[in-house]
Amino acid sequence: MIQVDLLKPAGKSEPATLDRPLDHLVACHQRIEDKLVVLERAVAHLEDRTDEALYACHSVGAFLDAGGKLHTEDEEESVFPRIRKHAVGEELAYLDNLELQHREVEAFVSRLKNQTKHLERDPALRPVRETLVQTALKLAALYRAHMASENEVLTRIGRAHLDEVDLAEIAFEMRLRRSHAA
Ligand SMILES: [Fe+2]
Ligand SMILES: [Fe+2]
């Protein structure tokens, strides 16, 4: 009998790493990093290629709002709670700090989107252009440092504390989350 994965949208392929949740987080970080590079390049051309630059800022903001949000939910709703069951003092504080960093990144994404919208309506507003450049650079720096730490420390803690059952449950929830978002 042919087994059909009911959570997999028809005709849509899913990332190969979804069965290995910690590897999947690292792969998502690379996709986010690619968008941060696009964002940095875009604001460097805000003056000479304004329309193109604003389009790129808009699409990066939309990606971080959608894919970035799913990624944060994977961590905060599926991965962190299962690590917390076994973690000790310093590790718990580390996870709390990652959540604070998520809120900070979200605030910058929201600013990025608002400032981009403002300039889409009136591209000549020089002070808003300057603020958008600062927002984009700060967001890229914050997110990059956060992901570098997760790639090193979170994955190490995760490998130490998550067992096969935890990993299977996390993979299931990641799939479910994406099937709802599709
Ligand atoms: Fe994170
Ligand atoms: Fe992450």
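Which residue lies over the face of Phe 63, and at what distance from the ring centre? Lys 35 does, at 5.1 Å from the ring centre. The model discussed here is predicted.

## Charges over rings

A second contact of this kind involves Phe 108: Arg 111 lies over the face of its ring, at 4.3 Å from the ring centre. Aromatic pairs, on the other hand, number zero in the structure.

## Iron site

Four residues coordinate the iron ion (ligand 2): His 29 and His 71 through NE2, and Glu 75 and Glu 150 through OE, at 2.0 to 2.1 Å. Along the chain these donors follow the spacing H-x41-H-x3-E-x74-E. The angles among the four donor atoms run from 85 to 174°, and the site is irregular. A tetrahedral assignment would need all angles to lie between 85 and 135 degrees, so the value of 174° rules it out.

The iron ion (ligand 1) is 3.1 Å from the iron ion (ligand 2), and Glu 75 coordinates both.

Arg 159 is exposed, with a relative accessible area of 51%, whereas Asp 23 is partly exposed at 26%.

Glu 33 and Arg 144 form another salt bridge, with their closest N and O atoms 2.8 Å apart. This pair also links distant parts of the chain, with Glu 33 in helix H1 and Arg 144 in helix H4, 111 residues apart. Arg 144 is partly exposed, with a relative accessible area of 27%.

## A local pair and a network

Within helix H3 (residues 89-121), Arg 103 and Glu 106 are three residues apart, which means a separation of about one helical turn. Their side chains meet in a salt bridge with an N to O distance of 2.9 Å. Arg 103 is partly exposed, with a relative accessible area of 37%, and Glu 106 is partly exposed at 36%.

A network of salt bridges links Lys 69, Glu 73, Asp 74, Glu 77, Arg 177 and Arg 178.

Conventions:
Residues are numbered from 1 along each chain as its sequence is written. Chains are lettered from A and ligands numbered from 1 in the order in which they are written. This is a predicted model: local features need pLDDT of at least 70, side-chain atom pairs count only at pLDDT 80 or more; totals for chains, interfaces and linings use all residues. Side-chain values use heavy atoms; hydrogens and water are left out. Rings of Phe, Tyr and Trp (its six-membered ring) pair if their centres lie within 6.5 Å; planes under 30 degrees apart count as stacked, over 60 as edge-to-face and the rest as tilted. A charge sits over a ring if NZ of Lys or CZ of Arg is within 6 Å of the ring centre and within 35 degrees of the ring normal. Donors are N, O and S atoms within 2.8 Å of the metal (3.2 Å for Na, K and Ca); water is not among the atoms, so sites may look incomplete. Four donors count as tetrahedral if all angles lie between 85 and 135 degrees; four count as square planar and six as octahedral if opposite donors are over 155 degrees apart and all others between 65 and 115; anything else is irregular. Buried means under 20% relative accessible area, exposed over 50%, partly exposed in between (1.4 Å probe, protein chains only). A salt bridge is a side-chain nitrogen of Lys or Arg within 4 Å of a carboxyl oxygen of Asp or Glu. Helices (H or I, at least four residues) and strands (E, at least two) are DSSP runs, numbered from the N terminus.
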